[in-house]
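User: I am new to this structure and would like to learn how to read its features. Please guide me through a few of them.

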Amino acid sequence: MTKINNNQSNSLSSIECVQDISHESAAAISGGIAVYTDANYGGKERTAKGVRDLRVSDRQENVLFNNQISSIINDTDKRWAFYTRAGYSGDRFTLEPGESAKDLFGTGFNDKITSYRSEASGSAQPL
Ligand SMILES: [Ca+2]
């Protein structure tokens, strides 16, 4: 049962994306970002904009991606950052435009991602 259907007024991830990327940049994204619950782009797939808290979006969408992501495809023209905690906090790693993560096992991030978002291209290098 879906409680909320109005994404425009209630989606935290939508709000965050507006802050992160310009409308022009958002329109330039071609293939988008895709995360998978299994390695080698298997299991369940989530293709969407960034998300501030997967626990919230999971509940809204009746899915389970929080602490499940094991591979990622970044088919966009932006760097994307992935975090172990909600609100883009905790440990962080990034994927450059066109870069993919085939298997997060052994990286310290397998089944640990709770939020992710795009970053402006040309921003400072990650730590
Ligand atoms: Ca997994």
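User: In which loop is the place of Tyr 88?

Analyst: This is a predicted model, in which local features need pLDDT of at least 70, side-chain atom pairs count only at pLDDT 80 or more, and totals for chains, interfaces and linings use all residues. Residues are numbered from 1 along each chain as its sequence is written. Helices (H or I, at least four residues) and strands (E, at least two) are DSSP runs, numbered from the N terminus. Tyr 88 is found in the loop between β4 and β5, and its phi is positive, near 60 degrees, although Tyr 88 is not a glycine.

User: Is Tyr 88 buried or exposed?

Analyst: A residue is buried if 20 or more other C-beta atoms lie within 10 Å of its own, exposed if 12 or fewer, and partly exposed in between, with C-beta atoms placed from the backbone. Tyr 88 counts as buried because it has 20 C-beta neighbours inside 10 Å. Ser 89, in strand β5 (residues 89-95), is exposed because 11 other C-beta atoms lie within 10 Å.

User: Which other residue has a positive phi although it is not a glycine?

Analyst: Asn 62 has a phi of about 55 degrees. Asn 62 lies in the loop between α4 (54-61) and β3, and it is exposed, since it has 8 other C-beta atoms within 10 Å.

User: Which residues does Tyr 116 touch?

Analyst: Two residues are in contact if their C-beta atoms, placed from the backbone, lie within 7 Å. Leaving aside residues up to four places away in sequence, Tyr 116 touches Gly 50, Val 51, Trp 80, Ala 81, Phe 82 and Tyr 83.
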